[in-house]
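Here are some notes for a colleague who is meeting this structure for the first time. Please read them with the model open alongside.

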Amino acid sequence: MDTPSSTQQQIEQALLDEVVASFDNTPDPRLRQLMQSLVTHLHSFIRDVRLTEEEWNHAIDFLTRVGHITDDRRQEFVLLSDTLGASMQTIAVNNQAYKDATEATVFGPFFVDDAPRIDLGGDIAGAATGQPAWVEGVVTDTEGNPVPGARIEVWESDEDGFYDVQYDDGRTHGRAHLFTDDQGRYRFWGLTPVPYPIPHDGPVGQMLQAVGRSPLRAAHLHFMVTAEGMRTLVTHIFVEGDPQIEIGDSVFGVKESLIKRFEEHPAGTPTPNGRDVGDRTWTSCRFDIVLAPATNPDTTDTPEEM
Ligand code: BEZ
Ligand code: FE
């Protein structure tokens, strides 16, 4: 690509300066900063790649299609942000490492607000099929003190890689909430997570195909943990040994500290709470959760969907 002449560069720079200056009188200083930085980076991209008019048209068409497929249930813009790593970068900026607090990861589109409550040791899977998985751990603060009464929301896909809300028949399975006991402990039955694709029948799926990327997510189980005075934690656990971790997670959600062992037990092995799982194998996993204090200046509260 030829470097533009200095006259051409001056013309392009003058346009950028004019655009940046057009935001100078924005009353809200934060909005001014956001807009001026945004147009600076956008112009820099256009000039760097010497964007053609055909490419500009293509980008407008792509964004238009992202808008058209988006409705109350399908959020293609968030999916786009996820697949560009913008969601995980925003999470990284807003959930800065704090002592040994558990790392956060992407929220995803499949959380629902009113999942049923289960008792400790209860089953979140319901009618969802898959290999039973016993998950337990303790919720503490960064000083190691247990956090009693923490609310834990958990949700996951069935063994076919679908969440209940993807079935369009109003079913609820593979999700629940529970509370830690007076020593901060929790335990429940779920399903051993499996890899599954993000929704890829829209423009984001086409983009992934065009660049040779897989829509698959590494197998995971979602958690959201809330407790008085603590930073809300939105995270997942991933399955040690899942090949998709090496191949790559389509939304960049994997963090080393969140990869956990799901130990497989032969059929007939007694289960931790005496549940009869029939003639099936089952797995067990330990996930201890450390919450950062909400008062830490680097903390955030309730997440937006990401
Ligand atoms: C998920 O975890 O299910 C998910 C996350 C981001 C985009 C799509 C799906
Ligand atoms: Fe998920």
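How many residues of domain 1 are in contact with residues of domain 2?

1. Eight residues of domain 1 are in contact with 11 residues of domain 2, where contact means heavy atoms within 4.5 Å. Domain 1 covers 6–79 and domain 2 covers 94–291, with bounds that come from an automatic or database domain assignment, and their C-alpha centres lie 37 Å apart.

2. This is a predicted model, in which local features need pLDDT of at least 70 and side-chain atom pairs count only at pLDDT 80 or more, while totals for chains, interfaces and linings use all residues. Residues are numbered from 1 along each chain as its sequence is written, and side-chain values use heavy atoms, with hydrogens and water left out.

3. About 790 Å² is buried between domain 1 and domain 2, and carbon and sulfur atoms give 59% of that area; buried area here is the accessible area (1.4 Å probe) that two parts lose on being put together, summed over both.

4. Two salt bridges are found across the interface of domain 1 and domain 2, a salt bridge being a side-chain nitrogen of Lys or Arg within 4 Å of a carboxyl oxygen of Asp or Glu. The side chains of arginine 74 and aspartate 201 form a salt bridge at 2.8 Å, N to O. On the side of domain 1 that touches domain 2, the elements giving two or more residues are helix H3 (53–69) and helix H4 (76–83), where helices are DSSP runs (H or I, at least four residues) and strands likewise (E, at least two), numbered from the N terminus. H3 gives the most, with four residues.

5. The structure holds 14 salt bridges, and one of them joins the side chains of lysine 99 and glutamate 143 at 3.1 Å, N to O. Lysine 99 lies in the loop between helix H5 (86–94) and strand S1 (132–141) and glutamate 143 in the loop between S1 and S2, so this pair ties together parts that are 44 residues apart in sequence.

6. The count of aromatic pairs comes to 12, with rings of Phe, Tyr and Trp (its six-membered ring) paired if their centres lie within 6.5 Å, and planes under 30 degrees apart counted as stacked, over 60 as edge-to-face and the rest as tilted. Tyrosine 163 and tyrosine 196 form an edge-to-face pair, 5.4 Å centre to centre with 80° between the planes.

Conventions:
Chains are lettered from A and ligands numbered from 1 in the order in which they are written.
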